[in-house]
Amino acid sequence: KGLIALSLCLGLIFLPRFFRMKSQTYIIPKSHKELMIPSMPCQAKTNFMFLKTHKTASSTILNILFRFAERYNLTVALPADQLVHLGYPETFQANFVEEFQVGKNYNIMCNHLRFNPSEVQKVMAVGTFYFSILRNPIPLLESSYVYYKDSVPAFRISKDVNEYLASPLKYYLPSDSKQNIYARNIMWYDFGYNNNAEGNERYIQAVLKEIEQNFHLILIADYFDESMVLLKRILCWDLDDVVYFKLNSRSQDTIQTLTPESKEQIKAWCSLDWKLYLHFNQTFWRRIEEIIGLKELEKEVNCLRARQKELMETCLSDQDAVKKEHIKNKAFLPFQSGAANVLGYNLKQGLHNETLRTCQKMVMPELQYTSYLYTVQYPHKKRKQLGLPWQWTSFQE
């Protein structure tokens, strides 16, 4: 097994980066599955529910899952009408899904929702694989603060993240609790629980046990590549199914530096998220040891990064994400929020048609991709009105 993985990795690194045609267009090489080895002897899972948590690299996973849906012609449980999320922040109901009918199941569910297992089960087939992702609450809260600065009352009336954390109860008013969900234990809330609950040990352990019963796998955003390798292995997917470009990240100059005191305060203020993270960080590494092993993990992570680098060299004119003001095609401008400068990508000119489509999908922001898939699945319905530039309408056509 190790030799196969190693030869695959070496093949990905040393195969020609891409073939140059007479017309100077570029073609992405065929995946390793077509070029080198037969499929693994397991059955790829195609029914899965991803609980998309906030500020946890979940937009990148959503892009991976949407591309997977298109690649294998799967149905996605998309938000109804003009919504771009599944009723969030309300607790999920099955009728939040477009054209929901009792007995009709979808392959994939992955847009934002507040988890409600009994309602989700009405939409998804028996045997669906359930997974989610968590992030260290310390960088998560700083990210939330900047991203939701204009919309969350507790953030809006404080000067910066350190001032907020020095005395959170001064800004986090009970009367604003519904609008302040991003300001405290947001992951706990996303999983369907009370983010202002008293954090006694018995309650916490009961919730952790319930989450373990509801979800087959919890990934960790702080180890994103390792998470993608584990997901690939468990779902029996190929390398190209989990390769990605990082989406919805923000520019370094919008990151606020947390003081040591603020970092400690987050552990107390967001104690439910902190316990959630600590618990599933441990289960994550146990799964890595059981299923892959650390030596094999390193090889597969290197494979993933080599393939990512290959695709970035093929697709992108700038070898990295750029600030919003430098994105040339405004059709691929990500949604901008709060004080964040959300980054995007510029594609190379002269890409071959098939390659161009692949590259476009890899850089496509969440709202645009949701709108696009909605139009594909429901061509008879009115398009989602996202306030996107005319270039995006042109792209959909």
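User: What makes Asn136 a cap of the N-terminal end of H5?

Analyst: A side-chain oxygen of Asn136 lies 2.9 Å from the backbone nitrogen of Ile138. A polar contact is an N or O pair within 3.5 Å, one able to donate a hydrogen and the other to accept it; residues adjacent in sequence need both atoms in side chains. This is a predicted model: local features need pLDDT of at least 70, side-chain atom pairs 80 or more, while totals for chains, interfaces and linings use all residues. Numbering runs from 1 along each chain as its sequence is written, and side-chain values use heavy atoms, without hydrogens or water.

User: Why is H5 called largely enclosed?

Analyst: Buried means under 20% relative accessible area (1.4 Å probe, protein chains only). Of the 11 residues of H5, 10 are buried, so the rest of the structure largely encloses this helix. Among them are Pro137, Leu140 and Tyr147. The buried residues pack against helices H6, H7, H9, H13 and H14.

User: Which helix gives the most to the lining of the largest cavity?

Analyst: Helix H5 (residues 137–147), with 3 residues. The lining includes Pro137, Leu140, Leu141 and Asp273. That cavity holds about 50 Å³.

User: How do you know that His112 is buried or exposed?

Analyst: His112 has a relative accessible area of 12%, so it is buried. The residue sits in the loop between strand S4 and helix H4. Its side chain reaches the backbone oxygen of Lys52 at 2.8 Å. Contact means heavy atoms within 4.5 Å. Beyond neighbours within four places in sequence, His112 contacts residues including Thr53, His85 and Glu366.

Note on methods:
On a 1 Å grid over the protein atoms alone, a cavity is a set of points where a 1.4 Å probe fits but cannot get out, and a pocket is an open set with protein on both sides within 12 Å along at least five of seven lines; lining residues have an atom within 4 Å of a point. Grid points are joined across faces, edges and corners, and a volume is the space filled by probe spheres set on the points. Helices (H or I, at least four residues) and strands (E, at least two) are DSSP runs, numbered from the N terminus. Buried means under 20% relative accessible area, exposed over 50%, partly exposed in between (1.4 Å probe, protein chains only).
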